Amino acid sequence: LGEVADAANAARKITNTAADAKKAAKTVHGNSLNYPGVNYGYVLSDKTTGEIVKFGETINPTRRYTKKFLNGDNPINKPLDMSVVISGTKRDIHNWQHEQIVDYYEAVGELPALNKSMW
């Protein structure tokens, strides 16, 4: 009987630990550089020309843009392709995005059409 109680207590501790971790992840906003979940770096490109129009980051790539936006209802009125190219910590992907924008700016002389700043 004591072993059953020990097993039940161990299971309860595991459940509580998992719940605490999930709760902690929810207390840190997804835009925070300290967000503990996975972040994804993506590239938006013009479907017809292949031209890069944005380097971005998101914690939920499947919900980042609507189909309507990607199909051309966007500020540049062009159908866009979204490609997730990297994943990692929020801080790492934020820095990746910045580096991609800077490299693009140095090569082309202007920001990608949908990036409003170097960050």
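Modeller: This model is predicted. We may begin with Y65, which is buried because its relative accessibility of 12% falls under the 20% cut-off.

Biologist: Is Y42 buried or exposed?

Modeller: Y42 is buried, with a relative accessible area of 1%.

Biologist: How is the geometry of an aromatic pair read, and what form does the pair of Y42 and Y65 take?

Modeller: One reads the distance between ring centres and the angle between planes; planes over 60 degrees apart count as edge-to-face. For Y42 and Y65 the centres are 5.8 Å apart and the planes stand at 80°, an edge-to-face pair. The two residues are 23 apart in the chain, with Y42 in strand β1 and Y65 in the loop between β2 and α2. Together with F69 they form one aromatic cluster, and R64 lies over the face of Y65, 4.5 Å from the ring centre.

Biologist: How many aromatic pairs does the whole structure hold?

Modeller: The search finds four. One of them joins F55 and Y104, with centres 6.2 Å apart and planes at 70°, so this pair is also edge-to-face. It links strand β2, which holds F55, to helix α3, which holds Y104, across 49 residues. F55 is buried at 5% relative accessibility, and Y104 is buried at 13%.

Biologist: Which residues make up the largest nonpolar core?

Modeller: There are nine, including Y42, Y65, F69, L80 and M82. β1, α2 and β3 each supply at least two of the core residues. Another core, of six residues, lies apart from it and includes V43, I93, I101 and Y104.

Key
Residues numbered from 1 in each chain as written. Predicted model: local features only at pLDDT ≥ 70, side-chain atom pairs only at ≥ 80, totals over all residues. Heavy atoms only, no water. Core = buried A, V, L, I, M, F, W, Y, C linked by side-chain atoms within 4.5 Å. Buried < 20%, exposed > 50% of the residue type's maximum accessible area, 1.4 Å probe, protein only. Helix = DSSP H or I, 4+ residues; strand = E, 2+ residues; numbered from the N terminus. Phe/Tyr/Trp six-rings, centres within 6.5 Å; stacked < 30°, edge-to-face > 60°. Lys NZ or Arg CZ within 6 Å of the ring centre and 35° of its normal.
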